[in-house]
Amino acid sequence: MAEKKPPKSDSPFATRIDPAKENLSRDQMHFIKQAELEQWKKKTSKLRTRNVATGLAIGALVLGIYGYTFYSVSQERIMDEIDEEAKRARLKGPKTGAN
């Protein structure tokens, strides 16, 4: 299996550190928190855009289902009207022993 630890580099620039284990000054901790906050803001804006797009897609799906339901119910009324016309036609028709 591959190791999960990042490779060690000779330069101190951009090496991973654990703030809990390292003795960092107050300024260094402040800088780390500022950098993390900026990264969080950057990711949040992308995530918000994705969430809005997902919400709109779900809303469109719900409205489509709702609209289709109304459409199908209106079709059922037409079928009810056809059934009523057929019933009236049977009542007006000639009476036989089978009726």
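Q: How much accessible surface does the chain have, and what share of it belongs to carbon and sulfur atoms?
A: The accessible surface of the chain comes to about 10200 Å², and 59% of it belongs to carbon and sulfur atoms. Such areas come from the Shrake-Rupley method with a 1.4 Å probe; for residues, only the protein chains shown count as cover. The model is predicted: local features need pLDDT of at least 70, side-chain atom pairs count only at pLDDT 80 or more, and totals for chains, interfaces and linings use all residues. Residues are numbered from 1 along each chain as its sequence is written, and side-chain values use heavy atoms, with hydrogens and water left out.

Q: How many helices and strands are in the chain?
A: The chain has one helix and zero strands. Helices (H or I, at least four residues) and strands (E, at least two) are DSSP runs, numbered from the N terminus. Helix 1 comprises residues 26–92.

Q: What makes Ile32 partly exposed?
A: Buried means under 20% relative accessible area, exposed over 50%, and partly exposed in between (1.4 Å probe, protein chains only). Ile32 has a relative accessible area of 22% and is therefore partly exposed. Ile32 lies in helix 1. Leaving aside neighbours within four places in sequence, Ile32 is in contact (heavy atoms within 4.5 Å) with Ile17 and Leu24.

Q: What percentage of the chain is made up of buried residues?
A: Buried residues make up 0% of the 99 residues in the chain.

Q: Why is the pair of Tyr66 and Phe70 called edge-to-face?
A: Rings of Phe, Tyr and Trp (its six-membered ring) pair if their centres lie within 6.5 Å; planes under 30 degrees apart count as stacked, over 60 as edge-to-face and the rest as tilted. The structure holds one aromatic pair. The ring centres of Tyr66 and Phe70 are 4.9 Å apart and the planes stand at 80°, so the pair is edge-to-face. Tyr66 and Phe70 are separated by about one helical turn, because they are four residues apart in helix 1. Tyr66 and Phe70 are exposed.

Q: What makes the contact of Glu84 and Arg88 a salt bridge?
A: A salt bridge is a side-chain nitrogen of Lys or Arg within 4 Å of a carboxyl oxygen of Asp or Glu. The side chains of Glu84 and Arg88 meet at 4.0 Å, N to O, in a salt bridge. The structure holds one salt bridge. Glu84 counts as partly exposed at 45% relative accessibility, and Arg88 counts as partly exposed at 46%.

Q: Which residues make a nonpolar surface patch?
A: Ile78, Met79 and Ile82 make a nonpolar surface patch of about 270 Å². Patches are made of residues with over 30% relative accessible area and no salt bridge: like charges are joined within 9 Å, nonpolar side chains (Val, Leu, Ile, Met, Phe, Trp, Tyr) within 5 Å. Ile78 counts as partly exposed because its relative accessibility is 40%.
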